[in-house]
Amino acid sequence: MKRIFIYITSIAVLAGASSCDKGFEDVNKNPVLATSVDPIYLFSNAEFGSAIATQFYQMQIVQQINSPYTGVMEGGNHNTVYDPNSNANFNSLYLQNGPVNLLTTVIAQTKDNPARANLYNMSRVWKAYVFMVLVDTYGDVPYFEAGKAFLEGINLPKYDDQKAIYEDILKELEEGTKALDASKPIESGDLFFKGNIAQWKKLGNSLLLRAAMRYSKIDAAKAKQYVAKATDAAAGGLQSSNADNALIAFNSTFNHPLAGYFQGTERANVYLGKAFVDFLKTTKDPRLKVIAVKYETPSNPIATAGAEDTTPASQEGMPYGYNESTLTGAPGFPGKIGSAFKYSQINRRTTGKIDAPEFFITYSQTSLLLAEAVQRGWATGDVKALYEAGVKAHMAQMATYDVLATIPTASQDEYLTANPFAPAKALEQINNQYWVSSFLNGSEAWANFRRSGFPTLPVNTYPGKDPSVKDFIKRLVYPVREKSVNEANYKEAVARMGADELGTPVFWDK
């Protein structure tokens, strides 16, 4: 009986198989699971994901943030290779749900849809920003095949010549910005401007100006050509006030990516750099008072950190070239408070807040770049007026961090009177201010430092530095994982670009 029972059951199952197949997909479909996603959500996630933690190299190379420690805190502080810190831009931007993949998907989904034309072109503009950061950081990177694992099955994308990438970036910025149209559907899910087309045109043109100025050392004619395109009023103009700043406004739920670094377990290990503090002190810059602080107990959370000394005269930046052991021998060493050092730190109530905004492209930066372009004869305008507008814009921008960081207009004017614009030192003054204006925007501060040669910073003479670094780090090395997973394309890139070392410059830094 048992054998017959099994036989009959099996026949029943087989006989019913063909009849059950009908409607099988409907029966097994989850009625509450989304089968498609509006691409605006992918786009806003790409905007949000563009704010990444890049403190260990970029901000240390330009000597604004410092830490003396070796190990997990190491990078630009000692001019050395440390993969977990140097791979931040690459891994974050190429992440499966990161900006490159998201934007590539949005572009593919909206390219042939007239109703989403503005989203398509906004994505082109922002993708250009993302790849400027990648090229400026690493040189050759995957570009034309990047982000196409799901779309086309390309899991090991080729690395492209960085010069070719920048050529396409210029094209995408020019075409994408020009094609934005206020008469077409507005994408209100945009985190920057809620889809405001006039502001997106200003953003696109301001980014085109930034890209054009990258050529200042290698191709003045091309720089001038694209500066003209970026500044053409008929194309929509440049950013004209702080209302046009492209930023992510974080909050108490979604914290700034550096929040843990400034307020978490590393809070007693992070200091302001000596060159940065000295520059602000020497010029009596009112920004120093809202950026820098000395805590009575640096190791404690803000609630129990004790007295907060924000007096400008008290501030001392940490010098480079030392580690936690040798720092005690640095000139003017101020001593320690427990395990912490008595150097100035970032103010945790203002620029170091957990909900501090992340600025990508600002009116201040744009004004200063335009001032340089005019100074070089690549655009028309009043260099002094543009310079002063750029300085004041960043001082006014500080209030975005917190009302405590507000710098009164009178203080802004006093600063410019005490530190007047000098035409003979125009390029130096403009780019020194760009350095300050890009505080906490490490990737851009580092890129402009390499491009312009300003500010004039003391060479970090740490004895254990990577031998390829002659003065300052020129690029970051590729992630270790990329060398093994995408080996053939990695080797092709290195053969074309030059050694995968900290001392190999990117193409515009020649």
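This is a predicted model: local features need pLDDT of at least 70, side-chain atom pairs count only at pLDDT 80 or more; totals for chains, interfaces and linings use all residues.

Colleague: What makes Thr351 buried?

Modeller: Buried means under 20% relative accessible area. Thr351 comes in at 3%, so Thr351 counts as buried. Thr351 is in the loop between strand E10 (345-346) and strand E11 (358-361). Beyond its neighbours within four places in sequence, Thr351 is in contact with residues including Val290, Met398, Tyr401 and Phe439.

Colleague: Why is the Phe43 and Trp200 pair called tilted?

Modeller: The ring centres are 5.9 Å apart, and the cut-off for a pair is 6.5 Å. The planes make 50°; stacked needs under 30 degrees and edge-to-face over 60, so tilted is what remains.

Colleague: And why is Phe193 with Trp200 edge-to-face?

Modeller: That pair sits at 6.1 Å centre to centre with 85° between the planes.

Colleague: Which parts does the Phe43 and Trp200 pair tie together?

Modeller: Phe43 is in helix H3 (residues 39-49) and Trp200 in helix H11 (residues 197-213), so the pair joins parts 157 residues apart in sequence. Across the whole structure, the search turns up 35 aromatic pairs.

Colleague: How do you know that Arg450 lies over the face of Trp446?

Modeller: Arg450 is 3.7 Å from the ring centre, and the limit is 6 Å, with CZ also within 35 degrees of the ring normal. Lys222 lies over the face of Tyr215 at 5.7 Å, so that distance passes the 6 Å limit as well.

How values were computed:
Residues are numbered from 1 along each chain as its sequence is written. Side-chain values use heavy atoms; hydrogens and water are left out. Helices (H or I, at least four residues) and strands (E, at least two) are DSSP runs, numbered from the N terminus. Buried means under 20% relative accessible area, exposed over 50%, partly exposed in between (1.4 Å probe, protein chains only). Contact means heavy atoms within 4.5 Å. Rings of Phe, Tyr and Trp (its six-membered ring) pair if their centres lie within 6.5 Å; planes under 30 degrees apart count as stacked, over 60 as edge-to-face and the rest as tilted.
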